[in-house]
Amino acid sequence: MESLPVWAALLSSFLYLAGYRKIAPVYAGLACHGGAMAYRGLQIGRLPIIGPHDTLFFMSLSIAFFAVAITYKQTNRLRLLYPMLLLAVLFTGLSLAYPPHDSPLPPILKTFWFESHVALSFFSYALFGIAAVLGGLYLIRQDPQVEVLQYKAILVGYCFFSAAMIFGGIWAFYAWGTYWLWTPKELFTVILWLHYSLYLHARLRPAWAGKPAVLLGIFGFAIVMFTYLGVSLFMKSSHSF
Amino acid sequence: MKKIITAMLEFFISLRTAVWLLCGLIFFLFAGGFIMPAHEEFQALHTTPLFTWLGDNAPGVTWWLYGSLIVLSLVAANTLICSIEALIKKKSARAWLLVISPQIIHAGFLFILLAHLLSSYDSFQGMAMAREGEQLSLPGGITMAVDRIHTVMDPRGFIREWAAEVRCSGGGQPAAGGMIRPNEPLFHGGLGLYIKTVKVEPYPLALIQVSRDPGALYALIGGIFFLIGICTLLLLKIRRESPQD
């Protein structure tokens, strides 16, 4: 039974891949993916959002969920949705490459502020990933509707990310006595937030609108990945894995 | 003189200025993101206010912070002037909420900057180990007594949970007391009292952290403003936005 979430993860990836022409397997994959996450949570008795295994899996589920939501009512839905689902499958694969973190949480992590901080962060990362995929699709198809969809994904992601930063600050104040810590993770998080602030401002300028802003939206996801995986794995920080 | 003021206002009102200032700020912070993990000096930043720390360290390590501070000052001026201009120019606009919500976000951002400014001048952090029954003398004439240390062990013999009963007096405040746990500090006379960890052998001992962060309240106000503004903007923009060409 311990390996059930792994098999459910593999099955959900297979169903996403099978959703090239029909939406039904995608919904089945999403249900399976969500079920795997819920089962893992019940197994360890907490929200599974600690360590690369669980966070990558949570991110993959968030990508699939927001991809289905954001493409709802779009014309040529599957053509937009499928590349996003490939991203979700990639992150599921990456999550399976890491061992799960099953030990009980230290007391400092047992708080609503921590759980909401992490969950909101990964919702925003997922939306920034979706925005990068949409940016790539815009560069290929030059469809203005896709550019607008990228903007909406970034705006919603920015909203989640801002909330995640504020909740993280509240948690840090209760845990460490300050809302701000001078570590590379915090610094790169601010860089990420400034980068998407730059995107939202630059897109209003005629000189940056269109392709330059779309490229900023794509590049943002590279900063997301470095902030999430690069800094956590390679730099000493309050968020090290 | 009038020409200079007009030119300066035009510079600060411009969205182009905001865009390039953000690019500059990202550059400095990006450089800092790689300098910081390579230098041990930054460890002291956890316990020393930024402006004191800057004075104690060589420019070879701190140049990106000076650069960031200069650009942030310009960003703050740009944000403030742009918001005032937007409110004056568009006060009769029909879509009033659409005009006001970015300015609420800007106000939140400025509060957060103010919070960092205050914390950079006058924050404090200290740590001490305390036995049961021991008294600690804290800044501002405050005395803290650690009455009892509680621990819960797991079946493998590791400490799973910990807490301490403490009492505070002095500092011109009525005496206060209670249980402190991880994520549940006690606040007294502007200080936060935190329990970081405990030891049970050879006798119960608690690592107590004392912090003062004068910017915390302003950061919270800024955060609330920011969230209200961004959520309002999101609700208004998500439906209105259509292809640009």
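Colleague: What should I keep in mind about the model and its numbering?

Modeller: The model is predicted, so local features need pLDDT of at least 70 and side-chain atom pairs count only at pLDDT 80 or more, while totals for chains, interfaces and linings use all residues. Residues are numbered from 1 along each chain as its sequence is written, and chains are lettered from A in the order in which they are written.

Colleague: How many cavities of 30 Å³ or more does a search of the whole structure find?

Modeller: On a 1 Å grid over the protein atoms alone, a cavity is a set of points where a 1.4 Å probe fits but cannot get out, whereas a pocket is an open set with protein on both sides within 12 Å along at least five of seven lines, and lining residues have an atom within 4 Å of a point. The search finds one such cavity, holding about 50 Å³ of space, and its lining includes A:His53, A:Phe57 and A:Ser95.

Colleague: Is A:Ser95 buried or exposed?

Modeller: Buried means under 20% relative accessible area and exposed over 50% (1.4 Å probe, protein chains only); A:Ser95 is buried, at 0%. With contact meaning heavy atoms within 4.5 Å, A:Ser95 touches A:His53, A:Leu56 and A:Phe57, leaving aside residues up to four places away in sequence.

Colleague: Which residues lie nearest the centre of the second largest pocket?

Modeller: They are A:His201, A:Leu204, B:Leu15, B:Pro102 and B:His106, among 35 lining residues, and the pocket holds about 960 Å³ of space.

Conventions:
Heavy atoms only, no water. Points joined across faces, edges and corners; volume = space filled by probe spheres on them.
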